[in-house]
Amino acid sequence: MTSRKRKRDETTSSTIPKTEEIISSESCLSQPSDQSVHEVITYKPSTLPAIHYDPDTTEPISCSLKSLDELLSWKRQEASLFNVATVPLASRYPPLHSCPRRTLVSHDMMGGYLKDRFIQGAEVETPYVFYHWEYIDIFNYFSHQMVTIPPAVWTNAAHKHGVLSIGTFITEWTDGAKTCEAFLADEESYRAAADKLVQISHCYGFDGWLINIENVLSETAVKNTGPFLRYLTDQMHERVPGSVVIWYDSVLKNGSLDWQNKLNDDNRMFFDACDGIFTNYNWTEQSLEWMKSYSAAQGRFADIYVGVDVFARGVVVGGKFETNKALKLIRKYEFSTAIFAPGWVYECHEKADFRQNQDKFWSLLSDYLYIHRPSSSLPFISSFCQGFGKSLYWRGQAIGLLNSNSEIQPLYLSENMDDGGWLRTRGCSEDAWIGGSSLMVEGMIPSGRSEVCARIFSLHVPLATRTFVSFVYKPPVGVKISLELKTIDGPLCTFDGMEEIAREWSFRPLFNRYLRFARKCGQWSLDGWTTRCFLLKMTGCLLREVCIRVSRDGGDEDICFNCRIGEIMLLDAESLQAPLQSVEGICVNDVVWHKGDGHTQSKVLLNATLRWQYPTPQVRHFQIHWRRPRGPDPRIPPGPLTLIGRSYSTLYRVVELEVPAAPGLIELVVEPVSREGFRVPEAQWGRRTLSYSASSSENPSV
């Protein structure tokens, strides 16, 4: 898969005029599924709104709102369908409301909306990504633009791990003061602004707001700030259950701008009106000690997020690779924490060392962070993809450039043992089974020790009566690798046996999807990957931990090892009985035609949005193809399927696809790939033909 290099590398200019966006679902009604869509080629400028589509390529992009006028005029029907989060917030254990000490990460990087603004992915080998989700409770996407809407890629990744994703509402300095005077003028004004913030959060599927007012407020404005926060918080809780509104420590009750670095009588009124406060960074241990005994904090220690600036600007405790010093003090006094700009490990260091520095940073903090367990029903599947890498892999083979969502992330550990042994897990993009990275388990088993065990997942997942387990890995030399599942002991949990699934299962009278699962088991691929599968028979059991056990294969000397884990999959065996569905209702709209540039100037480039219907819980992703169908001359066979890209929702933007010159007829094809990794039979793929002709009035010189 290749994509045209983007011409524009900076955030889309706010000077580009907006146009009305037609919601695709409406135009689908005029496209019967058994008919071809016809288009007349014109090379007119795109009328798609530049706020939602890159003006050079028409790629869908995430964006902010930059003014109060933009906020108050926002309409749901003009929202970007592509930026709507498609992953619901996963359950977790313990739930957020019962966590006594929480961790918020505020992602502030170079103004925001960098390569992550490209919703369908960007060609960056080493972008900034966050993958230590098990340690945090809330992810805040931060920029200095007035209404910061998190890009869907961040909300989807957070939701997979049960982490809240929140946007930012910010006003600053002189312009910010003017904005506040307008929307805090009276009850009608602040309710109108709050209603829009609620609608935006609900529409795009994220979970709340950080409210950051960093400018002086008049007497009237500050009087209305508390009621604004209370109204916003109440409406968010009602419309988006589980959401949060958090106030940043900045303005005081008298309207002056004066960062307190703690909760006190001067900012308590804002704290009382919402779900929490994010303190400024220049606190001392005395600040924490005072706050611990402050009356307004009693019973709400978890709602006080003590700020830590990783860049260590100003007079702060810790920061950089000494951020752990700050967390040690914060946890000593039993407060939550807000870690601001942990992208320091990316911005201020060599990009090639990003993974190493990110792992070092979070490893230093790990003693003061708390692991949260995803709590959901089966299936549980992870191929450890962090959302970036050198290539996109499918079943161990590199198939193109990476355009992949991150998978459920494991625990990344670094452990030194008393007897000299050590153990580490890390992401590695040099080779993978599916996606862009695999999990590397490496270490040293010292003399006198027979084995080591790496905990890679901490979960809260009920197992089925019959659970299929698939384990894909590359066996290392000199050690044995085994997968270990640990359940919570309880009176209702009974183990009824385990059976390894070998290829001879293929000859059993089983359902078709059972057969396809079994045929992948016990097989080795040409490059060393192997798959082992098991059928567990258990009743009333809850999976708590997934571990990789590494044991020596003879001898008693120190032995170093490294083992690559490609995928772990746990499935309810009964779910494989359900038939897979067919893709339905494909529609094509928002078509834009471009001419090729340079030596391809005579080529025709198609840009179009595809939408379809399919139950997304059944799939890992969709593959989007195109081909030339059989022509009117029966001697001309149909062209081969050509992969365009992949989608993780029922929506995809075809961008700069070179198609035959007009008049032409092409077929656009949507192929679902099942969550077990099986290719769905071609008869169940979705198809839509698109015919096109040249415009008689089109000026060839345009």
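# Exercises on a predicted 702-residue chain

Of the 702 residues of the protein chain, 57% count as buried, where buried means under 20% relative accessible area, exposed means over 50% and partly exposed lies in between, with a 1.4 Å probe and protein chains only. The model is predicted, so local features need pLDDT of at least 70 and side-chain atom pairs count only at pLDDT 80 or more, while totals for chains, interfaces and linings use all residues. Residues are numbered from 1 along each chain as its sequence is written, and side-chain values use heavy atoms, with hydrogens and water left out.

**Exercise 1. Describe the chain as a whole.**

Step 1. The secondary structure comes to twelve helices and 33 strands. Both are DSSP runs numbered from the N terminus: helices are H or I with at least four residues, strands are E with at least two.

Step 2. Among contacts with a separation of 6 or more, 79% are between residues 24 or more positions apart; a contact means heavy atoms within 4.5 Å.

Step 3. The chain exposes about 29,200 Å², of which carbon and sulfur atoms supply 51%. Accessible areas come from the Shrake-Rupley method with a 1.4 Å probe, and for residues only the protein chains shown count as cover.

**Exercise 2. Characterise helix H5, its ends and its packing.**

Step 1. Helix H5 covers residues 187–204, 18 residues in total, and reaches 26 Å from its first C-alpha to its last. This is close to the 26 Å expected at 1.5 Å a residue, the expected span being 1.5 Å times one less than the number of residues.

Step 2. At the N-terminal end, Asp 186 caps H5 through a side-chain oxygen 3.3 Å from the backbone nitrogen of Glu 188. After H5 comes Gly 205, with a positive phi near 80°.

Step 3. The buried residues of H5 include Tyr 190, Lys 196, Ile 200 and Cys 203. The elements that the buried residues of H5 pack against include helix H2 (68–72), helix H4 (173–183) and helix H6 (219–239). Strand S6 (164–172) and strand S7 (208–214) are also among them.

**Exercise 3. Work out the sheet that contains strand S28.**

Step 1. Three strands form an open sheet in the order S27-S28-S31, with antiparallel pairing. The edge strands are S27 and S31, each pairing on one side only. Neighbouring strands of this sheet are turned by 20° against each other on average, direction ignored; axes are lines fitted to C-alpha atoms, for helices over the stretch in contact, and angles run from 0 to 180 degrees between N-to-C directions.

Step 2. Strand S27 (residues 584–595) pairs with S28 over eight bridges, and two strands pair if DSSP finds at least two bridges between them. Trp 593 stands opposite Leu 606 in S28, and His 594 has Leu 605 as its bridge partner.

Step 3. S28 and strand S31 (residues 651–659) pair over seven bridges. Val 604 has Val 659 in S31 as its bridge partner.

Step 4. Strand S28 (residues 604–613) is largely enclosed by the rest of the structure, because eight of its ten residues are buried.

**Exercise 4. Find backbone exceptions.**

Step 1. Most residues other than glycine have a negative phi, and most peptide bonds are trans.

Step 2. The peptide bond from Tyr 93 to Pro 94 is cis, with omega near -5°. Another cis bond joins Ala 662 and Pro 663, with omega about 0°.

Step 3. Met 110 is not a glycine, yet has a positive phi of about 50°; at 52% relative accessibility Met 110 is exposed. Lys 320, also not a glycine, has a positive phi of about 55° and is partly exposed at 40%.

How values were computed: A polar contact is a pair of N or O atoms within 3.5 Å; within protein, one must be able to donate a hydrogen and the other to accept it, and residues adjacent in sequence count only if both atoms are side-chain atoms.
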